[in-house]
Amino acid sequence: MEDCIFCKIANGQIPTDFVYKSDNVVVFNDINPKARVHMLVVPKVHIKSLNELEDKELMAELLQTVKDVTKKLGITDYKTLINTGRGAGQEVFHLHIHILSNS
Ligand code: 5GP
Ligand code: ZN
């Protein structure tokens, strides 16, 4: 999707050091970290928010990615956050799961 910052990151238009990358999902560090570790789990395909996510395989892969990446980094204690809708604090309208950890 044009002018979507996370589409540009996910498809390589904006050079980014990925923490993890698969055919369907990328993980990269938040530009404005709110914790010692603050990563974003992002589907490559443009989906505006959780409300528009219908692909159940992708749904599962997103959560599996949270588990795989935290395990790989040795992070056992962390928060996950999905802001859905402007009123809930969503600022980037391309679905993403925040992973936050201070441990
Ligand atoms: P939201 O409020 O939509 O749930 O979260 C958007 C997040 O994306 C924020 O934590 C913000 O710091 C992060 N963010 C916004 N623009 C960029 C960017 O260009 N690169 C990276 N790495 N993170 C971004
Ligand atoms: Zn997008």
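1. Ground rules. Residues count from 1 along each chain, with chains lettered from A and ligands numbered from 1 as written. Since the model is predicted, local features need pLDDT of at least 70 and side-chain atom pairs 80 or more, while totals for chains, interfaces and linings use all residues, and side-chain values use heavy atoms, leaving out hydrogens and water.

2. Start with the zinc ion (ligand 2). Its donors (N, O and S atoms within 2.8 Å of the metal, or 3.2 Å for Na, K and Ca) are C4 (SG), C7 (SG), H46 (ND1) and H94 (ND1), at 2.0 to 2.3 Å. The angles among the four donor atoms run from 105 to 117 degrees, and the site is tetrahedral (all angles between 85 and 135 degrees). For reference, the ideal angle for four tetrahedral donors is 109.5 degrees.

3. Now look at the spacing, C-x2-C-x38-H-x47-H. C4 sits in the segment before α1 (5-10) and H94 in the loop between β4 (79-81) and β5 (97-101), so the pair ties together parts 90 residues apart in sequence. (Helices are DSSP runs of H or I, at least four residues; strands are runs of E, at least two.)

4. Are C4 and H94 buried or exposed? C4 counts as buried at 8% relative accessibility, and H94 counts as buried at 0%. Buried means under 20%, exposed over 50%, with a 1.4 Å probe and protein chains only.

5. Over to ligand 1. The side chain of D30 has an N or O atom 2.5 Å from a ligand oxygen, and a backbone N or O atom of G89 lies 2.8 Å from an oxygen of ligand 1. Taken alone, ligand 1 exposes 520 Å² (Shrake-Rupley method, 1.4 Å probe), and the protein buries 84% of that.

Conventions. Tetrahedral: all angles 85-135°; square planar, octahedral: opposite > 155°, others 65-115°. Polar contact = N/O pair within 3.5 Å; in protein donor to acceptor, adjacent residues only side chain to side chain.
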